[in-house]
Structures are given as C-alpha cells and as structure tokens.
Amino acid sequence: MALVKLQTQHFRNLLPAPIDFSPSFNLLYGANGSGKTSILEAIGYLGLGRSFRVSRHQAVVAHGQPKLTVFGALDSGLEESEFAEPILHRVGISRDVSLKETQLRVDGEAVRSLSFLAMHLPVSVIDPGVFDIVAGGPGKRRQFLDWLVFHVEPSFSSLWQQVQRVTSQRNQMLRNGRLDESLMRVWDSQYGALAESLTDIRQSVFGRFKAAFESVLAELDATWVDGLKMEFYPGWDRGSPLTDVLLGHRDQERRVGHTLYGPNRADIRLKYGGRPVAETFSRGQQKTLVILMKIAQGKVLSDLGKQVTFLLDDINAELDVRHRIMLAQKLQELRCQVFITSIEHPEPETLWQSGCAPEYRMFHVEHGKLTEE
Ligand SMILES: Nc1ncnc2c1ncn2[C@@H]1O[C@H](COP(=O)(O)OP(=O)(O)OP(=O)(O)O)[C@@H](O)[C@H]1O
C-alpha cells in the first residue's frame, strides 16, 4: 500500500497541515534543518512504530509537548469498479512520552499490536546509516532479514517475541550460581523447539531473498560481484539439534552468563574470496551491495503483490549519479512508493530519460512546512 496522505501533530518541527503524496515518487527538497528528514521519520513512525533515527521517543516530540501523533491514509491500489474511489485505510499512532504510552488505530479501531500497523505499510529506509548492513555487525543484517521475514510471514513476530522471552529466562538460569540441570533441560527443549520453527521461517524467506538478489544482479552489469558468497547462518550448526549444541556448551554458556547459540546469533554471511566483504570490497562497492540488497527486498514483496515505501534520505551525498539512476529505475520497475530528500532542487531529468519519468510530486520544505510545486 502507498501512503497518500500524512498529517502530524507535535512531531519535531513539522506543521500540522495535511499533505497529499503521490503513490509513486515524491521529491522533497529544502535547506539544512528545514524538516525533510522529519517528514521521512514521521512516515517511518507509521510503518515501524518508532523513529529510524533515534531510540528515544522523547527526542521526536516537539519541544515542550507531551505527545505526538501521526495519521496516514493508505491507498490499497484496489478499485472496486472502474469509477470507484480507491480504497483508503486510515492508520494512526500517538505516543505520550510522559505516560510512556503508545496508541494505535487502524480504520478507526484501536489495535494493540504494532504489527497490525506495520503490516499495512512496509517502510524501507535508505539513509547514511544503512551501509552498516554490510560494514557493521551481524545484528544489522539480522534486522535487515527479519524486516523481510515479518512482511512475508507476519506470524513471525509472535514467534520472535516468544523466543526473546524464553531466551531471557534461560539467561537468568545460566546466571544462577547453582544450576538445576533438569530444569535447565526443560528450558532448553522449549527454546530449541521455538528456535527451530523460527529458523525454518527465516531460512525459507532468505531463500526467496537470495533468488531475488540474483535476479536483480543478472539484469545489471556488475562483474565485481561475481564470486560473492551470500549465506544464511542460523546461529548454530544446523547439522545437530540446537538442544544438543546447548548441552555440549553448558559450561561455556554458564561462564559468560547468557545464551550463545540460536536465533539471536543468526547472520547473513557475505564473503568474497573467503573473506568478509567488509574487509575486501571498497566502500563504494559495499554501498552498491547494500542498495542491491534493498532492491532485492523490494522485489520479494513486489512479487507477492505488496508495495514497499522507500525512504531515501540525502542519498546524493552517498551515491554517485549512476547508482542513483539505477536505484530510481529499479524502484520504479518494482512499483514501489519512493520519497527522496535533497538539499538542492531535484532534477528529475537526471534520473529518468525524457518520457520515462514516473508520476511524481515535488515539494519544497521550509520551517517544517511542505509546499507543492
Ligand atoms: N523535538 C523537536 N521539536 C522541535 N523541533 C525539533 C525537534 N527536533 C529537531 N527539531 C528541529 O527540526 C528541524 C528539522 O530537522 P530535520 O533533521 O528534519 O532537517 P533536514 O531538513 O533533514 O536537515 P538536513 O538537511 O540538515 O539533514 C531542525 O531545525 C531541528 O532543529
């Protein structure tokens, strides 16, 4: 679905006026500090339930206010008949920072779980921090994979929560001075069963992702990627049941006081010539690899009939024009909704040849206010 209307209250410096967006491309430009990233952040709030920039909600609420609200209208792209209006879903999130309370609404109904909201708006962010997917630790790649797993298989989120709960119980047991081995085996068996189910889902979605990545590569002239090895590591050697691995490493886990094997250690391993790509690829190649992985994510969902909303924050500073063109064209082919921010006035003719530009809307951002051009 595409976000076609946004309205915020007390969200950073943004003014509360409603804004209509294109379900295709939206180009936002404005000076430093005008509010471009805040717009993307507000859209991200609806799809992720939090800021993609900061971990504390407090930083996002307008100075001196106790509560922020973001409303959106989503276009399902479906029309009941040739003349009917597109079906719109209304979604909303508000966060009261003094009460530490989040309220969520979908089509006028209060919903309890964030996943109800997130399911409606798959939001994928490409900002300067995104390159950590390749350059950073396994946690970033797990997050990257799990975002896709959730949107392909929404039941994943409750399974993931159960795994976190059991992991934390296990960790408490491991930290106990005197370990009750028979009780520990009960926890191992619960944890093992949940971990195997969760890993089956991750493994299958990873398979789809890898196939999409290979098909994106096949359409490009990117010989430098030939020889790249991309593998899913489940968090333990799946040649043995997880419960056996845990039993075999009991002393090691007790020494460190937490779980060392299982889904919380999963990774997408990226190697070239037997070495991690973070050590072998140039910075430019690592960035391109991340972009190709993001496009592949979009392709997996697009093949399932889901539209991804991409938030591209200040990519001019990160990608050269050739890669910006490649990214814009691929996202257009996949029928994604795209928001692109820049400081300078955008020049759509540098991204698309004449006659090939998608439908787009352009906005100037100034002191938290958007004006369409
Ligand atoms: N909680 C808040 N309440 C009110 N204003 C805020 C709050 N947090 C940040 N601001 C202000 O909001 C403005 C918008 O910041 P934002 O990061 O969205 O700008 P930007 O247009 O993306 O800038 P840049 O091009 O420098 O990245 C800034 O002037 C900032 O000082």
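**Helix packing and domain contact**

Modeller: Start with helix α10 (residues 283-303) and helix α11 (residues 321-333): their axes come within 10 Å and cross at roughly 5°. Axes here are lines fitted to C-alpha atoms, for helices over the stretch in contact, with angles from 0 to 180 degrees between N-to-C directions. Helices are DSSP runs of H or I, at least four residues, numbered from the N terminus. Bear in mind that this is a predicted model, where local features need pLDDT of at least 70 and side-chain atom pairs count only at pLDDT 80 or more, while totals for chains, interfaces and linings use all residues. Residues are numbered from 1 along each chain as its sequence is written.

Colleague: Why is α10 called roughly parallel to α11?

Modeller: Angles under 35 degrees count as roughly parallel, and the axes cross at roughly 5°, so α10 is roughly parallel to α11.

Colleague: What makes the contact between α10 and α11?

Modeller: Thr288, Ile291, Ile295 and Gly298 of α10, with His323, Leu327, Lys330 and Leu331 of α11. Contact means C-beta atoms, placed from the backbone, within 7 Å.

Colleague: And which domains does the assignment give?

Modeller: Domain 1 (1-122 + 307-373) and domain 2 (129-304), bounds that come from an automatic or database domain assignment. Their contact takes 14 residues from domain 1 and 11 residues from domain 2.

Colleague: Which helix gives the most to the side of domain 1 that touches domain 2?

Modeller: α11, with 4 residues. α2 (114-120) also supplies at least two.

Notes: Angles under 35 degrees count as roughly parallel, over 145 as roughly antiparallel, 65 to 115 as roughly perpendicular and the rest as oblique. Two residues are in contact if their C-beta atoms, placed from the backbone, lie within 7 Å.
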